[in-house]
Amino acid sequence: MDRQPLLSVRDLEIRFRMRHGDLTAVNRVSFDLARGDRLGIVGESGAGKSVTGFGILNLVSKPGYIAGGRLLFEGRELTALPEEDLRQIRGNRISMIFQDPMMTLNPVLTIGTQMVETILAHRAISRAEATAIALDRIRKVAIPSPQKRLQQYPHEFSGGMRQRIVIAIALLNSPALIIADEPTTALDVTIQADILELLLGLCQSEKMGLILITHDLAVVSQVAERIAVMYAGTIVEIGPTAQVAGNPQHPYTRGLLGALPQRVPRGGRLNQIPGMMPTLTRVPEGCPFSNRCTLCEEVCRRRVPPLEPKAAGCLAACHLLD
Amino acid sequence: MFAFFIRRVTQAVFVMLVISLIGFTIKQSVGDPLREITGISVSAAERDALREKLGLNDPFLLQWGRFLARALQGDLGNSFYFKRPALQVILGKAPATLELVFSTSLLVVLLSIPIGIYAAVRPRAWLARFFMGVSIVGVSIPVFLTAILLIYVFSVGLGWLPSFGRGELVTLFGGWQSGYFTSDGLKHLILPSIALSSIMLPLFIRLIRAEMKEVLETDYIKYARAKGLKPGRVLLVHGFKNTLLPVITVGGVQLGTLIAFTILTETVFQWQGMGAMFIEAVDRADTSLIVAYLVFVGALFVTVNTVVDLVYGLVNPMIRIAGRR
């Protein structure tokens, strides 16, 4: 068993070029993902979790760009790869699942075309062989009559079915890693659980790594083995799911968990973290959470807390924890 | 698809009915058919008798019905001036116009697509800015001025290209006189085609650029890139195919307009097509020919638009579904 992680992110920094200087959307984010491991990245909107996900494949929309850090994937440094080599990794070794299946599939191309092209972009095989693979993957995501489905257009599918297709496309080239950006957010609540279960099952059976980006703690704890909590562009806490969800260290994570409706007696007032996450132009100096933290002390306003081991297997960025 | 086809054709027929009604009304209120048939030596009583005999005193709708019935058989009346069936006169002139329109469309399609895509992909490149600048100028200058300018530079000044006429023609089967098969004929096509495209080309470059830019921002383009597709495929198959929908719609309307708008270009270049013929017919108050031209161009317009709609249906899968219902 090789000890090297599948993906090793070190001090990743992603910035957006703005008229009045750069905004740092992802600030020195580091984490490792072992082969077949599942990591959940949680955080509020604008915390930088999606940008991190897109950053791994260098697909951050302009004016965003990777300003620093390293991305080691299967022994290769992604930030140093030429575009063509990176293209061969995209959709091949690392697949992505986007948030809204209504928007991700091209409306004017058949499902078959969109699947087959993904295979042919990476492998020199015949169209018939590629179609056979596509059929196999559609079966894997439990869509009936795959042969017929291949000839249909996205608008002939429901939202849940489309996300199944997107998952099937992610599986086409048997990738080592899937990055799923809010894969269930745009779906009906009733379908969300099905899709999650499908994704989880496939990751286990195909031994694929998964980075699940979501704002939904419940979703993450169902699927991921480890959780990274992001706040204002930084990881504030990362550790095994049971640890982070059961015994959170960082005040922000505690606040998040405390805000879950099920933690509050029926009819009681819901808890919330006071204030709002700062916009990227106004991240406070020192600890980014300092202006909302109930425990905030002098040192928090002055120095950025490093991400350090705190409780069992858990790293957190807080001055006040030991 | 079939239901969609039937529906579009029904609409086209309805539009043609309206056009024929308008054409017929013009004919009724402008010209007097008796003047066409009789000389000055015919007495008023004889005129009245003839009027009655020809059914010119019948109710308007009945006469329109007769006009329609004759039009369906290809009889759009006789030209006063040419003393020949108007349709024959028009068909004799049509090849000149259609060839001009065809080469102009070819020019527009071949240039606007690559330039439009390029300008969308690299909006900041100086070449893209240059194209955008030139296209503004092209749109702003009236066609006849562009035409005169072209003649001034390339015919009078440089003496490279002929300034008027169609040059050497070849008669094809069915009497179609074509300038496509001689180098002289092709040379004569160059300036008029450029002049005629000076409005359409910038319009299409800007349209394709705007649509393409919008498409490139969509999730499915980002997704196509995330699938690791080659950049060319992302751009042309995923990007441009979606850009095509609005472009086809506008293109259909513009193709009709192009046929109608050859009038100015044909006049400047003394191009013996339908446009020049129409201007002459207006000069001579040749009502029958004017009305016949209206109906003919109307029919052409409607046919082109219907075909474009059907093509649109082929490109856009969602239209086909609507038709299937």
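## Around Gly252(B) and out to the chain contact

Leaving aside neighbours within four places in sequence, Gly252(B) is in contact with Val304(B), Asn305(B) and Val308(B), where contact means that the C-beta atoms, placed from the backbone, lie within 7 Å. This is a predicted model, in which local features need pLDDT of at least 70 and side-chain atom pairs count only at pLDDT 80 or more, while totals for chains, interfaces and linings use all residues. Residues are numbered from 1 along each chain as its sequence is written, with chains lettered from A and ligands numbered from 1 in the order in which they are written.

Back to our glycine: Gly252(B) sits in helix 10 of chain B. Helices here are DSSP runs of H or I, at least four residues, numbered from the N terminus. With 19 other C-beta atoms within 10 Å, Gly252(B) counts as partly exposed, because buried takes 20 or more, exposed 12 or fewer, and partly exposed falls in between. Thr303(B) is 51 residues from Gly252(B) in sequence, yet their C-alpha atoms are 9.9 Å apart.

Now for the two chains. Chain B puts 20 residues into the contact and chain A puts in 23. On chain B's side, helix 9 (219-226), helix 10 (231-268) and helix 13 (317-324) each supply at least two residues, and helix 9 gives the largest share, 7 residues.

Finally, look at helix 3 of chain B (residues 44-53): of its 10 residues, the number buried is 0, so it lies largely in the open. After helix 3 comes Gly55(B), with a positive phi near 75°.

Definitions and conventions. Two residues are in contact if their C-beta atoms, placed from the backbone, lie within 7 Å.
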